[in-house]
Amino acid sequence: MKTNMKMKTMKLSALAFAALVMGLISCGKDDTPTPPDTKVSVTDSIQVPFSPSAPFTLYRFKDSSVVANSDSASGNWDFGIRFVNIIVNGSVITQQGIYDSFNSAPESGYVADTTVTTGDTSYVKTAIDAGFTTGWYNYDLADPTHTFHPKAGQFFVFKTRDGHYAKMEILSVNYLPFQGPAPTTLVYKFRYTYQSDGSKNF
Amino acid sequence: MLHKILCAFFSLIFISSVSAQDRTDSAEKILDEVVVTGTRTENKVSNLPLPIQVISAKNIQLSGSQKLIDILQMQTGLVIANNPLGTALQGYPNPFGDGIQMQGLDPAYTLILVNGEPLVGRNAGIINLGRIAIGNIKQIEIIRGPATCLYGSDALAGVINIITQEPVKNSMNTQAHYASNNTLGLTAAGTIKKNKTSFELFGNRYSSDGYDLDKNIYGKTIDPFVDYSANAKLIYDFNDKNKFTLSARYFSEKQFNNYLIYTQDQPQVVTGTTVETDASLFAKLDRKINAGLNYTASVYATSYTNNAEVFVKKTDSLYEKIELTEFLLRPEIQVNIGKNPVSLFVTGAGYNLEKVHSTRYGSVKELNSWYVFIQKQFQWKQKTNIISGARFDKNSLYPAQFSPKIAIAYKVKPNFILKGSIGAGFKAPDFRQQFLNFSNSLIGYTLLGSNELSNGLQSLQNSGQINHNINLEPYLHNEVLKPEKSIGINAGFDYTMNSHSTFKLNIFRNDISNLIEAYNLPFNKTNNQSIYSYKNLDKVYTEGLEANFSYNFNENFSVFAGYQYLIAKDKNVMKEIKNGKMYKRDPQTNVTTLVSRSDYKGLFNRSRNTGNIRFQYNNTLYKATAFITAKYRGRYGFNGLNNFQNGNDILDDTREFVNGFVLFDATISKQISNRWKAQAGIENLFKYTNKLLMPNIFGRSYFINLNFKLEK
C-alpha cells in the first residue's frame, strides 16, 4: 500500500515536470514560430461481429474511439464496418499507391455512400467497394485461414463530415480464436493519419 | 535394424556392379515399346515424334504398390497436386482428393483414359485415381503436350492412358496385399483362351482403416473405406479379319465419414457414408477390309455417381445429403487407310451425349456434341516422321472448336532423334461453371453459373433480394463461357547413347488463355452481399524442361533418373507488375513497396524443381529383386502459409514457400517358386508428413504381398 502511494506521487511529480517542460517549450515557440503538429497518426484495432447483419461498428478518427451505434445519425463518427462492408459518414476516395509517401489529400473526387430506396426496401450503396474480386480485399478460397486480405497498395482518403482529412489503410483482418465452423469476431487492424487543422497535408 | 537392411542392400548392389564389369556386353537392350495413345493406332515409340513415357506392368509389379497415383508419381514431371480447396477444409471429408499435375498444369487439364476411353466424374477437376485398380494393367502410356486433336476436351497438358491386359493365354493370378493402417488388398484375375474366344475376369477388393495425422481435429484425416472393382473382357475373333470386343468395368468405393459439425455453436458428431461408383460398358468391332484398310466401330457408355449421406449421431436425423450423377454415351467410328509409319491416314467421327444431375444444379443438365478428326502419319526420305492432324468439336453449349496439331521427328542418326510438336488444346467449361445455382446461408452471397445467370438474377429480384431499381437488362443475356484454350509446344531429342543407356530431353511451353474464373457482379444483393458468376478471364503459361536418363549396368542392375524444371506464371499478374500496379505490404513493418519482376515466383502449388531416381537390382542367385525409388518435390508456394499475408495473393515472398521433400520407397521381391512370389516394402521411409498440405501422405508404412500365378 505504502509503495503504491509512493509510486503515485512519483508519477504525479513526473507529470508536473513534463507540464513544466512543455510550458517552457511553448514559451520558446513565441520566439521562433514553427507550425504545431496537428496530425494524429495512430495504429488501432477494432473488433467487429462476424455477421453480415450485425449493426455497424462506428469509429472516430479524432480521438481514436469506437462510437456507439445509437449515435449513427450524428456526425460523431467517420467510418463504420460490418463484416466486409465499410460505410463512411463523410466521403472517401479509394487511393492506389504507397501509404507512407502519400502526403496530401486530393482536391476533389470524394464519393459519399448513397441510400437507394424503392417502396419499403432500401439498401446502402457504399462508396468503398467490398466486392469479392473488385473490392478492397482479396479472398482466396484455398487459404486455410479463410481470412480477408486487405489489398496492398490501396488505402482510403477520407473527407470527414466536418471537413477534416484523413488517410487510412487497413493492415489486416483476422479472427478472434473461435470454436466451431464460423468465427464470431473479426479484428480489423488499421492505421491512419488524421489532420486536425483542416488542411490536406499528412 | 533398418540401417542394417539398407547396408546389406547397398553392398549387394556394389558386389553386383563390380561383377558387372566383365559382362557389359550382355546388358539388357533398351526396349522400343509399342504404344497406341499417340496416334490411336499401334506405333513404336521410336517412330513417334511425341514425348511419350511408358510404364510397364513389370515396373508396376516391382513397386508392389496398389495405388495408381504412387505409380504415376514415379514419372518425371508428374506431381501429386492436392486441390487447395481441400486443404482448407481441415478435418471435414475432403471431396476433392488429389490428382496429377502435368507440365505445371492442374489435374483438370490432363485427360485420363482407360483403354482409350475417358473416365467421367471429376470433383473440382480431379478424378479419383483410386477408381482404377492396378492389378491388370498391361501398361500406362503418358503423352505430353496437347492431344486434343485426337481426344477432344481436357487433353491440354497431355493424356494418361491406362491399358489393361489382353487375354492371350490361359492363366490365373491372385494376390494378397497387407499394409499399415490395416490395409488389405485381394486381387484375382483369370484369363481363358479357347479357339476363337478369349475371356478375362478381374476382381479386386481393397480396404483400409485410414489414418489420423492431427489428433487435435476430431475425425480421421483419411476416413476408412472399402473399394470393390471388377473388370470383364470378352474377345471373339470371327476370323483373321473381324474381331469383336466387349468389356465392362465396375468400381465402387464406400467411405465411412465421422466428423464434427456445429449447430448453434454446439459441437455434434455426424456419421455417414460417401459412396462413389463408376461403371462402364464398351463394345467394339474391328474389321479389316484388306491389308491397307480397316475400321473400328465402337460404343462406350459410362456412368459415375457420388452420393454422400450423413446423419447427426445423437438424434439419427439426416444432416446432409449430396448427390451427383454423370453419364456419357459415345458411339464412334475410326477408319485407318495405309500402313504406319510409312503412310497412314486415320479419320474418325463420334457423338457424345453427356448428362449430369446434382443437388446443386436443379434439373438434369444435358450436353450434346459431335466431332470429326483426321490424321496423317507419313515418312519423308526415311529420316523424317511426320504426324499432322486436326479435330473439330461441335457442342450444344459453347462455340465450335478446331484443334490442329503437327509433330515432326528427324533421325539425325539412328540413335539420335530430334522431336518437335505444336498443337492446340481446349477444355470445355465444366458443369459447375455453367449450371451452379447456390446461395450461402451463413454469409448470404450467391454463386450463379454462366447459364443460370439470367434466371438466377431475375428470381433474386422477384423475391426482393436484388433491389428493383437495379437494371438487370445488361446481364440477362447469358454470356456463353468459351472453352479454355491452349497452345502447347514440345521440342527435344531422344538419344540412345549405347545399347544400355538413353537420354531424353523435352522442352515445353503451354500458353493457356480464357481461363475461367469467378467474378462479382457490379451490384450487391439487398443484404449487401455479392453475386458471383464465372467469366473467361485469366491467361497463364507454363514452361520448362523434362530430362530422363536410364542406364542398365547389366541385365540385373539398372538406374533411372529424371528431372523437371518448371516455371508457371499468370500473365495478368506480370502485366500488373510491369505497369507498376502490383504492391506488397510487409506484415511485420507495414511498409508497402511495388512488386518487381524478380519478386514474382509464379503460380502457387508448383515446384520449380522435381526429380526422381529409381534403382532396380536382380539377384539371380536368390531370385530376388530390389526396387528403390526416391521422389523429390522442390519447394512450392502456398497462399496463407503460416498465416503469412502481404496483401496481393501472389507468390512473391520466400515466407510463402513450403519446404521441399523426398519420398523414399523400397520393395524387395522374391520368387519362391514358379507359382509363388512374395514381396515386402517400405513406403515413405523417412516419414515425411505435412498434415495440412499433404494429407494424402501417411508417415512410414509397410506392406507385404503374396502372389500366386498359374499359366498354361
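**Close-up views of a predicted two-chain model**

**View 1. Helix α7 of chain B and its cover.** The cover over the buried residues of α7(B) includes β24 (446-448), β26 (501-520) and β27 (531-554) of chain B, where helices (H or I, at least four residues) and strands (E, at least two) are DSSP runs numbered from the N terminus. This is a predicted model, in which local features need pLDDT of at least 70 and side-chain atom pairs count only at pLDDT 80 or more, while totals for chains, interfaces and linings use all residues. Residues are numbered from 1 along each chain as its sequence is written, chains are lettered from A and ligands numbered from 1 in the order in which they are written, and side-chain values use heavy atoms, with hydrogens and water left out. In helix α7 (residues 453-462) of chain B, the buried residues are Leu453(B), Ser454(B), Gly456(B), Leu457(B), Leu460(B) and Gln461(B); buried means under 20% relative accessible area, exposed over 50%, and partly exposed in between (1.4 Å probe, protein chains only).

View 2. Where helix α8 (residues 571-578) of chain B starts, the backbone nitrogen of Asn572(B) has a side-chain oxygen of Asp570(B) within 2.8 Å. Following α8(B) comes Gly580(B), with a positive phi near 65°.

**View 3. The largest nonpolar core.** This core has 41 residues, and those with the most contacts inside it include Leu68(B), Leu72(B), Ile112(B) and Ile140(B); a nonpolar core is a set of buried Ala, Val, Leu, Ile, Met, Phe, Trp, Tyr and Cys residues joined through side-chain atoms within 4.5 Å. Helix α3 (residues 68-72) of chain B gives the largest share of this core, 4 residues. Leaving aside neighbours within four places in sequence, Leu72(B) is in contact (heavy atoms within 4.5 Å) with Ile55(B), Leu78(B), Ile100(B), Leu129(B), Ile140(B), Ile142(B) and Ile160(B). Another core, of 39 residues, lies apart from it and has Ala130(A), Phe156(A), Met168(A) and Val173(A) among its members. In soluble globular proteins, nonpolar side chains tend to be buried together.

**View 4. The surroundings of Thr496(B).** Thr496(B) has its place in strand β25 (residues 484-498) of chain B and is partly exposed, with a relative accessible area of 28%. Not counting residues up to four places away in sequence, Thr496(B) touches Asn415(B), Ser501(B) and Thr502(B). Ser550(B) is 54 residues from Thr496(B) in sequence, and their C-alpha atoms are 9.6 Å apart in space.

**View 5. The interface of chain A and chain B.** Here 42 residues of chain A are in contact with 39 residues of chain B, and the area buried between the two chains is about 3,400 Å², of which carbon and sulfur atoms give 53%; buried area is the accessible area (1.4 Å probe) that two parts lose on being put together, summed over both. Within chain A, Tyr123(A), Pro144(A) and Ala152(A) lose the most area to chain B, together 17% of what that side buries. The count between the chains is 1 salt bridge, a salt bridge being a side-chain nitrogen of Lys or Arg within 4 Å of a carboxyl oxygen of Asp or Glu. Arg585(B) and Glu169(A) meet through their side chains in a salt bridge (3.1 Å, N to O).

Conventions:
Polar contact = N/O pair within 3.5 Å; in protein donor to acceptor, adjacent residues only side chain to side chain.
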